[in-house]
Amino acid sequence: QVRLVESGGGLVQAGGSLRLTCAASGSIFSFNTMGWYRQAPGKQRELVAASTSGGSTVYADSVKGRFTLSRDNTENTVHLQMNNLRPEDTAVYYCNARGVRLGKYDYWGQGTQVTVSS
């Protein structure tokens, strides 16, 4: 059974940095796409950044230039370096892995809270 475990969330002041890590277990293959979503109170879950196994990465416009996604395909691990954090970045951040292999798959982590104080 595949599990995604996030770590690295916390409380930080505006302008500060955090690094999130997502480690996958139970999978013997490299995921097609791994990335991060976030959900703020009262809002829909939204894409933050995602990377394909081929190496392309997409970012939400709101985080471009501030957040960097890095991925280790051999370890099925993905990191999100978040710099110059803003109060509007406050949300629960979820790791996601999805793709197609003998059928579609779509895995989610339990989420990690990121709170940015002004």
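Visitor: In what sense do strand E7 and E8 pair, and over how many bridges?
Guide: This is a predicted model, to start with. Strand E7 (residues 67-72) pairs with E8 in the antiparallel sense, over six bridges. Pairing takes at least two bridges, so six bridges between E7 and E8 qualify.

Visitor: Which residue stands opposite His-79 in E8?
Guide: That's Ser-70. E7 and E8 form a hairpin with four residues between them, and Asn-76 in the turn has a positive phi of about 50 degrees.

Visitor: What else pairs with E8?
Guide: Strand E3 (residues 18-25) does, in the antiparallel sense over six bridges. Ala-23 has Thr-77 in E8 as its bridge partner.

Visitor: What makes strand E8 mostly covered?
Guide: Five of the six residues in E8 (residues 77-82) are buried.

Visitor: How do you know that Cys-22 and Cys-95 are joined by a disulfide?
Guide: The cut-off is within 2.5 Å for the sulfur atoms. Cys-22 and Cys-95 are 2.0 Å apart, S to S, so the pair counts as a disulfide. The pair links distant parts of the chain: Cys-22 is in strand E3 and Cys-95 in strand E9 (residues 91-100), 73 residues apart. A search of the whole structure finds one disulfide.

Visitor: Why is the disulfide of Cys-22 and Cys-95 called left-handed?
Guide: Because the torsion about its S-S bond is about -80 degrees.

Visitor: And why does Cys-22 count as buried?
Guide: Buried means under 20% relative accessible area. Cys-22 has 0% relative accessibility, so it counts as buried. Cys-95 has 0% too, so Cys-95 is buried as well.

Methods. Residues numbered from 1 in each chain as written. Predicted model: local features only at pLDDT ≥ 70, side-chain atom pairs only at ≥ 80, totals over all residues. Heavy atoms only, no water. Buried < 20%, exposed > 50% of the residue type's maximum accessible area, 1.4 Å probe, protein only. Helix = DSSP H or I, 4+ residues; strand = E, 2+ residues; numbered from the N terminus.
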